[in-house]
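The stops below can be taken in order.

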Amino acid sequence: MWLSCQRVGLTGLEGIGRLHSLQYAKIRTMSTVFISYRRENTAGEARALFNDLVARLGEDSVFMDVDSIALGRDFRSVLQETTASCDLMLVLIGRNWADAKDEVGRVRLENPADYVRLEIEAALKRDIAVTPVLVQGAHMPGPEDLPAEIRDLAYRNGFELSHNRWESDVGEMARRLDLGVPADGHHVKHIALEQSGLAPSESRDISAAPAIPRAKPQRELLGRRVLLTRRQTLGVAALAVVGIGAAIAASSIRRLMSRPSVRTISFEVPSVDETGMLIEPGRYSAAIFTEALGLNAGLDMVSIPAGGFMMGSPLQEPERQPNEGPQHHVTVAAFFIGASPVNQAQWAAVVSAHPDRIHVDLDPNPSFFKGIDLPVESITWNQADEFCLRLAAITGRAYRLPSEAEWEYSCRAGTGTPFNFGPTITPELANYCGTGGAVCGDSGGKSVASDVYNDVKYGSGAYGQGPAGIFRGTTTRPGTFPPNRFGLYDMHGNIWEYCLDKWADSYADAPLYGTAYLSGPTDSPRILRGGSWSHNPAICRSAYRDSLDPSLSGWQGRIGLRVACTR
């Protein structure tokens, strides 16, 4: 089955799907968005999406074509004809989409005549933008889950539509697809109002596609004159003269010509009381931009406002460690930080775009837990720093690891409690070991489970008066749990995150203005923050600190990174 909607112009895809070179630089007079779905799997979502598109674009611009293949017609020829005029395909993927079975128990996608497979195969052969749309909490299928003919779908960027955020998510997807203008040319008002001169954006949770490059595509530069100042012109010329490389020079030129396209999003953030009971969620907003990385990967960067906070933990905080003090006031300048830890697709995209080492070599696929939308992990601090250097070279922006003060300021997001959700944590809010002990799980095929971590013994899997949790035994993809009040995901648990700072046993000599503490030898241990999926909740608190030699990657599957950049 498929839904099809028409609109004027294909000038605002904003990075959704796969854009090959300048294939989509042409300004088309009429375009078609083709939405593929499986009736028994996502019919309800398909109908809801159809209705929402009709409401936005008008009935004449959206139509639903169901059961239109006449009996006796060859599916392949019909789909080839239908997809021949399609510029963009959206593939609705629900739970069990990849392993849905027919009446005789055969996996449908393994059938060469399966209509969903044929739709996707036809679109992929035409090499148009094909975007998976995840519903029902579904995950992206891996390449091993798909037939060879449609395996490329696993590498296409996805967009998540949540039932809880359906209206705002559909609005955001429509905005990114430039579906705000019906086929008759009349403008459709966006759900959210324009704010502070930023581009209109609909309220949604960042989790709706953390890896989608949403920066305006480079083809927009081809359709208008770009006026450079004399200084910018000299900068562009200098880049060409020194021969930095085509990819690096192009991105640096792009930065010289324009600032990142910042948009405003809004989202709900839950809170809990001392016992872990949910409190009525609050609604917050954040300004973000997306850094397009290539290979269908993009990096959501959240604007963190300037401000001050009390860094460290108060003396009365349960499970407090001596190195979390003395508690002190820190002033932090505005900066950007990743909405989520860097995932494996983003890591691979940067390594692919800049394969040459700056200081150290990088494995494009270093992680223990495999999955393009899972956090990259099992890396050293030196490798994390190398990633930031290559990312900066590719994009022309000063990407780096956050300072420890920036990390804690971002994690707390205006709160002073042990966790940014409140005085305790629950397994619905974060990925940690909630079954007891200090550490759970294996590394290198051997158990590392222990009641003791850094010479401290931990008993219960609960924190304070909160409930005991569960042990998932793996990393989870960004957006599995709610964001904090700044719009950041997985600040508690999931994976440890490196900071720029060198280790110090206390904050006695810590900087007071958000900069990194860098005193000591080059090979000094570097700061780790946030805890991981295998650690006790007390180790995942906002104030908890750990460190590791910069040349070591720690236990398997537990240490990754989140990037920052100065405005």
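**Before selecting anything**

This is a predicted model, in which local features need pLDDT of at least 70 and side-chain atom pairs count only at pLDDT 80 or more, while totals for chains, interfaces and linings use all residues. Residues are numbered from 1 along each chain as its sequence is written, and side-chain values use heavy atoms, with hydrogens and water left out.

**Whole chain**

Colour by pLDDT, the predictor's confidence in each residue, from 0 to 100. The protein chain averages 79, and 75% of the residues score at least 70. Select residues 1–31: pLDDT stays under 50 there, and the model has 123 contacts for them beyond four places in sequence. A contact here means heavy atoms within 4.5 Å. Residues 181–258 also have pLDDT below 50, with 174 contacts in the model beyond near neighbours in sequence.

Switch to secondary structure: the protein chain has 10 helices and 22 strands. These are DSSP runs numbered from the N terminus, with helices being H or I of at least four residues and strands E of at least two. Of the 567 residues, 57% count as buried; buried means under 20% relative accessible area, exposed over 50%, and partly exposed in between, with a 1.4 Å probe and protein chains only. Among contacts with a separation of 6 or more, 77% are between residues 24 or more positions apart.

**The six-strand sheet**

Select β7, β8, β9, β12, β22 and β13, in that order. These 6 strands form an open sheet with antiparallel pairing; two strands pair if DSSP finds at least two bridges between them. β7 (263–272) and β13 (399–400) are at the edges with a single partner strand each, so one side of each has no neighbour in the sheet.

Zoom in on β9 (residues 297–304) and β12 (residues 335–338), which pair in the antiparallel sense over 4 bridges. Valine 302 has isoleucine 337 of β12 as its bridge partner.

**The four-strand sheet**

Next select β20, β19, β18 and β21: they make an open sheet of 4 strands in that order, with mixed pairing. Its edges are β20 (545–548) and β21 (559–560); each has a single partner strand, so one side of each is without a neighbour in the sheet. Strand β18 (residues 496–502) runs parallel to β21, joined by 2 bridges. Glutamate 497 is paired by a bridge with glycine 560 in β21.

**The cores**

A nonpolar core is a set of buried Ala, Val, Leu, Ile, Met, Phe, Trp, Tyr and Cys residues joined through side-chain atoms within 4.5 Å. Show Trp347, Phe387, Tyr399, Tyr498, Leu561 and Val563, which touch the most other members of the largest core, a set of 78 residues. Helix α9 (residues 381–395) gives the most to this core, with 7 residues. A second, separate core of 22 residues includes Met89, Val91, Ala138 and Leu153.

Which loop holds valine 563? Valine 563 lies between β21 and β22 (564–566), and counts as buried because its relative accessibility is 1%. Its C-alpha atom is 8.5 Å from that of methionine 301, 262 residues apart along the chain. Leaving aside neighbours within four places in sequence, the contacts of valine 563 include Leu299, Phe336, Phe387 and Tyr399. With the same exclusion, leucine 561 touches residues including Trp347, Phe387, Ile495 and Tyr498.

Select cysteine 433 and cysteine 440, whose sulfur atoms are 1.8 Å apart in a disulfide, a pair of cysteine sulfur atoms within 2.5 Å. The structure holds 1 disulfide, and both of these cysteines are buried.

Finish at helix α4 (residues 166–176), which is mostly covered, with 10 of its 11 residues buried. Among them are Trp166, Asp169, Glu172 and Arg175. Just after α4, aspartate 178 takes a positive phi of about 60 degrees.
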